[in-house]
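Dear colleague,

I am passing on the structure below, and I would be grateful if you looked it over before reading the notes that follow.

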Amino acid sequence: MMRLMKILFFFQHYSNMADATRNGPQGGILQFMMTNKLEAAMWLSRLFTVYCSILFIFPFMGLYEAANFYQRALLANALTSALRLHQRLPHFQLSRAFLSQALLEDSCHYLLYSLIFVNSYPVTMSIFPVFLFSLLHATAYTKKILDILGPTSLAFLRSILDKISANQQNILKFIACNEIFLMPATVFMLLSGTGSLLQPFIYYRFLVLRYSSLRNPYCRTLFSELKMLLQHLIMKPACPGFLRNMCLNCISFISRLAPTAN
């Protein structure tokens with residue numbers, strides 16, 4: 001009888017602890033994540049992308065492991081992009097109209113981006129857009145998690161997230177700059193024997209999509225700013241004539257390749 005009473009006592013004790021956990025901050029976070037599983041899955045995959053990107057940029061575990069983290073970061077980003085694309089276009093259709101609509105989405109662009117570089121030679125420049133986009137998009141959801149823990153919880157982390165949000169425009173410009181200069185980098189990789197023959201052509205299609213993006217104008221903006229900067233420099237009297245002509249021909253060639261922005 002006494003043994004049965006002890007069992008009942010411990011059962012009630014641990015049941016109360018479980019209820020407290022469910023009703024406490026941890027339980028609130030779990031409930032919040034379960035209300036929108038797709039958003040929670042994208043948040044976790046973005047955090048994993050950030051984690052793998054950091055371990056590639058700073059190879060604490062050696063160069064061989066860094067190459068593995070490079071692939072993992074791109075695969076995690078591909079997963080995030082696929083989930084985001086599904087969220088934006090939930091009803092998949094095997095049709096040309098659906099494909100055209102999908103190609104307008106930034107998530108589709110970065111799904112293609114991940115597939116372009118996932119099996120290529122690891123290049124630090126190619127991981128920055130993936131890393132920074134994941135960091136930016138994970139910031140807002142992380143703030144919601146911290147709000148559930150309490151308005152004053154983890155003040156140091158909150159200050160870091162606030163700084164990231166405050167510098168969002170600069171980060172997006174830096175990403176666009178990476179996207180642009182990766183085009184000549186893919187050509188250099190091909191000439192040096194570390195890239196594939198198709199990679200520059202496929203990446204050019206990606207860059208066209210980014211230039212035509214409806215939601216993110218930074219690629220177009222950076223192209224225009226770089227063009228004006230270069231024109232300003234080459235029109236100075238100190239610039240040699242042959243260099244001026246070469247730059248003007250390059251500007252004209254790139255302008256012909258640029259699509260008509262919507």
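**Aromatic pairs**

A search of the whole structure finds 17 aromatic pairs, where the rings of Phe, Tyr and Trp (its six-membered ring) pair if their centres lie within 6.5 Å, and planes under 30 degrees apart count as stacked, over 60 as edge-to-face and the rest as tilted. One of these is formed by Tyr110 and Phe206, and because the ring centres are 5.5 Å apart with the planes at 90 degrees, the pair is edge-to-face. Tyr110 belongs to helix α6 (residues 106-117) and Phe206 to helix α10 (residues 199-211), so the pair ties together parts that are 96 residues apart in sequence; helices here are DSSP runs (H or I, at least four residues), numbered from the N terminus.

Phe206 also pairs with Tyr203, this time in a tilted arrangement with 5.2 Å from centre to centre and 40 degrees between the planes. Tyr203 and Phe206 both lie in helix α10, three residues apart, about one turn of the helix. Tyr110 and Phe206 are buried, as is Tyr203, where buried means under 20% relative accessible area, exposed over 50% and partly exposed in between, with a 1.4 Å probe and protein chains only. Tyr110, Tyr203 and Phe206 form one aromatic cluster together with Tyr113, Phe117 and Phe133.

**Basis of the values**

This is a predicted model, in which local features need pLDDT of at least 70 and side-chain atom pairs count only at pLDDT 80 or more, while totals for chains, interfaces and linings use all residues. Residues are numbered from 1 along each chain as its sequence is written, and side-chain values use heavy atoms, with hydrogens and water left out.

**Helices α7 and α9**

The axes of helix α7 (residues 124-149) and helix α9 (residues 168-192) come within 9 Å and cross at roughly 155 degrees, the axes being lines fitted to C-alpha atoms over the stretch in contact and the angles running from 0 to 180 degrees between N-to-C directions. The two helices are therefore roughly antiparallel to each other, a term for angles over 145 degrees, with under 35 counting as roughly parallel, 65 to 115 as roughly perpendicular and the rest as oblique. Residues in contact (heavy atoms within 4.5 Å) include Phe128, Leu132 and Phe133 of α7 and Ile171, Phe174 and Ile175 of α9.

**Tyr51 and Phe69**

Tyr51 is placed in helix α3 (residues 37-57) and counts as partly exposed because its relative accessibility is 42%. Tyr51 and Phe69 are 18 residues apart in sequence and 8.7 Å apart in space, C-alpha to C-alpha.

Best regards
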